Amino acid sequence: MTTATTTEQLLADIREANLTYLMLAQQLIRADKAEAVFRLGVSEESAELIAALSPAQVMKVASTNTLLCRFRADEDMVWGLLTSSHAPNRVGNDTTQRLHASILMAGRLADVAA
């Protein structure tokens with residue numbers, strides 16, 4: 001496989017991920033905007049814009065070469081909580097660990113929104 005082929009496949013994968021993300025985001029927003037804002041980590045304004053996109057606009061936005069979604073778990077502590085189920089010295093159960101990580105990520109969203 002050549003570098004050009006690899007790059008083209010990577011860009012195609014990014015476009016597919018963008019399309020999937022936008023379609024999921026629209027579905028979540030239309031079902032429950034407040035919950036979607038929390039789950040997607042976007043502002044209410046962004047949620048309204050995403051929900052209002054026509055199918056043609058979704059395709060156009062998805063076709064960019066830049067990944068539209070991003071990881072909200074951008075700190076070592078959050079990653080540690082999300083991946084610690086096999087750690088020998090972990091505290092709490094998996095549910096508690098995931099809840100703690102969700103609280104931390106929700107707090108980051110609140111900081112950005114403020």
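The protein chain has six helices and zero strands, where helices (H or I, at least four residues) and strands (E, at least two) are DSSP runs numbered from the N terminus. Its pattern along the sequence reads α-α-α-α-α-α. This is a predicted model: local features need pLDDT of at least 70, side-chain atom pairs count only at pLDDT 80 or more, and totals for chains, interfaces and linings use all residues. Residues are numbered from 1 along each chain as its sequence is written, and side-chain values use heavy atoms, with hydrogens and water left out.

**Whole chain**
- Of the 114 residues, 25% count as buried (under 20% relative accessible area; exposed is over 50%, partly exposed in between; 1.4 Å probe, protein chains only).
- The accessible surface comes to about 8,100 Å², and carbon and sulfur atoms hold 61% of that (Shrake-Rupley method, 1.4 Å probe; for residues, only the protein chains shown count as cover).
- Take the contacts between residues at least 6 apart in sequence: 58% join residues at least 24 apart (contact means heavy atoms within 4.5 Å).

- Helix α2 spans residues 33-40, and its buried residues are A36, V37 and L40.
- These buried residues fall within an arc of 105° seen down the axis of α2, so they line one face of the helix (the arc is that of the directions from the helix axis to the C-beta atoms).
- Exposed residues A34 and R39 sit on the face of α2 turned away from its buried side.

**Helix α2: both ends**
- At the start of α2, a side-chain oxygen of D32 comes to within 3.3 Å of the backbone nitrogen of A34.
- Just after α2, G41 adopts a positive phi of about 75°.

Terms used: A polar contact is a pair of N or O atoms within 3.5 Å; within protein, one must be able to donate a hydrogen and the other to accept it, and residues adjacent in sequence count only if both atoms are side-chain atoms.
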